[in-house]
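Subject: Structure for your review

Dear colleague,

Please find below the structure that I am handing over to you, together with its sequence.

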Amino acid sequence: MIPTRDSILVFMRHHTYRPMRIRDLARALRVGHDAYRGFRRLVEEMVAKGELVELRQSRYAAPGAGSFVTGLLHGHQGGFGFVSMDSDDPDVFIPVAAMGKALHGDTVMVRIFGRRRGLNPEGEILRVIERASQPIVGTYYRTGSAGYVVPDDDRITAHVQIAPGEAVAALPGQKVVVRITMWASGQRQPSGEIAEVLGFPYDPNVEMLALIRSYDLPLEFPAPVQEEADRIPDTLSPDLLKNRADYRGWRCFTIDPVNARDFDDAVSIEPLSNGRFRLGVHIADVSACVPEGSLIDREALYRGNSVYLVDRVIPMLPHRLTNRICSLNPGVDRLTLSVLMDIGPDGNVLDYAIHDSVIRSVCRLTYEQAQTWIDGQTPDDPSLQVVAVDLALLKKLSDRLLKKRLSEGSLDFDLPEPLIVLDENGKPVDVRRSDRLHSHRLIEECMLAANRTVAGHLLRTHLPAMYRIHQKPSGEKLTELMSVLAGFGHVLTPADVSHPTHLQRFLESIQDRPDYRVINDLIIRSMQKARYAVDNIGHYGLAF
């Protein structure tokens, strides 16, 4: 009888186990003569999948048992790398001489052979379990009749050798997509074939295409997905409006960048008694048009998110949804999820409601246009003058929300975004600093209020959800920050950096100093990265 995979692993992970040859392993597991051939095949399959590792002298062990681990290789331009595991264990440092034939992004098996004092453990790569799924993009060069490709990603230090018959129509100096086909034991560099010729790099379209190919981003939607999207009606059926709050009579409007093509959130405001406001945040209800398990849903799951590049957007959903059916375009009925918040003079949410809803946006504003109305300019269209009044109310409310947030310790970093200016051929010709307007802050505060309200609702109703969290900076990062700031003449104690309130006050105190911009960036770099998690531990940067 052939043992199961699990029984083999349990045996090999026992503390008394020592690496064995396959015959000795079969004997220890009491594998009969008739079952030995099938047992040997199973062990070889487990080695191929990385479930077992073959050591010197044909001995076998289980990864994770003792000094063997499996993980993802992160290459470095210096030729060395680090292997990260799914566990919380520290990454394993791989020196240049121990990299073997592994490349950045490969899943590898590692033998750990030591721990450097105070540093990461050190190891060697035993074998590549799985090559990186992303294609390699690089520049093709020729030497005589043969050629080679130098990868754009400097974390991939190997050059891919291209045989004369594998160069397709590539010319020296062109960007190409290459696939590794072989890396024999005697070869210093891998062999490959050119899968696609992109063109010469002086064409900005080629550079952008090279970036897209290097991340294996899908430019087109599969035909069945597109066909499913095309079958979704442009107008809302009465069935879709059942059990939805009807806010089509409300004054809802969108504010987005001037080059935005889809509008997925709208706002509304209503003054109440005693200095209170009713703020409405209305988010496009895509789920109403994309049933769970549909082709569109599965394609969105595969893509994971929309990707915003300097000259285009690669969307998660077909354009028919993002730009039309699920976009809150003015003058048309659209399905939304609405969060209505009654907010007091102190910025506290006194009451709220969350509804499936339908709205009809009255207008689409750009941030710049909204700013001119906030500054007092009268809209050219008399019918929109009442929207300018709403903007003034929203400005007043957002100022309250911002004041409350800052008083509670929220950090308000000055983060100007670069604006890349392209010419008619898509070539970058300028980089400008984009202005941060009151209209930007207005929308930021509305969205923060809505997200915080929904998060509180989910917690109170014990509904499982993903939360946007931000952990406190590590003690090591804060110590390093204090040391660097001391070099600028700013002496801070651990108490001064332990809470965002103190950091915010410090930033406000040096706003007029010439070193403010540098220190602002240093504090940002000391922060942890915000991420999503099922446990709501709060948001350090926002003091939520």
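The notes that follow cover a sheet, a pocket and the salt bridges. Please bear in mind that this is a predicted model.

The sheet

An open sheet is built from 3 strands in the order β1-β3-β2, and its pairing is antiparallel. Its edge strands are β1 (20-21) and β2 (53-54), each of which pairs on one side only. Between β1 and β3 (residues 59-61), which run antiparallel, there are 2 bridges. In one bridge R21 has R59 of β3 as its partner. As a general point, the strands of a sheet pair through backbone hydrogen bonds, in either a parallel or an antiparallel manner.

The second largest pocket

The second largest pocket holds about 650 Å³ of space. It is lined by 28 residues, of which A132, Q134, P135, I156 and S214 are the closest to its centre. Two or more lining residues come from each of β4 (68-75), β9 (136-143), β12 (175-182) and α4 (204-214). Sorted by class, the lining comprises 15 nonpolar, 6 polar and 7 charged residues.

The salt bridges

R179 and E193 form a salt bridge in which the closest N and O atoms are 3.1 Å apart. This pair links distant parts of the chain, since R179 belongs to strand β12 and E193 to strand β13 (residues 191-199), 14 residues apart. R179 is partly exposed because its relative accessibility is 46%, which falls between the limits of 20% and 50%. E193 is also partly exposed, with a relative accessible area of 24%.

The side chains of D333 and R360 meet in a salt bridge at 2.7 Å, N to O. D333 is part of strand β20 (residues 333-343) and R360 is part of strand β21 (residues 349-360), so the pair ties together parts that lie 27 residues apart in sequence. D333 counts as partly exposed at 21% relative accessibility, and R360 counts as partly exposed at 34%.

A salt bridge also joins the side chains of K404 and E408, at 2.7 Å from N to O. K404 counts as buried because its relative accessibility of 17% is under 20%, whereas E408, at 29%, counts as partly exposed.

Finally, salt bridges with shared partners join D246, R248, D333 and R360 into one network.

Yours sincerely

Terms used. Residues numbered from 1 in each chain as written. Predicted model: local features only at pLDDT ≥ 70, side-chain atom pairs only at ≥ 80, totals over all residues. Heavy atoms only, no water. Pairing = 2+ DSSP bridges. Helix = DSSP H or I, 4+ residues; strand = E, 2+ residues; numbered from the N terminus. 1 Å grid on protein atoms, 1.4 Å probe; cavity = no way out; pocket = protein on both sides within 12 Å on 5 of 7 lines; lining within 4 Å. Points joined across faces, edges and corners; volume = space filled by probe spheres on them. Nonpolar A, V, L, I, M, F, W, Y, C, P; charged D, E, K, R; others polar. Salt bridge = Lys/Arg side-chain N within 4 Å of Asp/Glu carboxyl O. Buried < 20%, exposed > 50% of the residue type's maximum accessible area, 1.4 Å probe, protein only.
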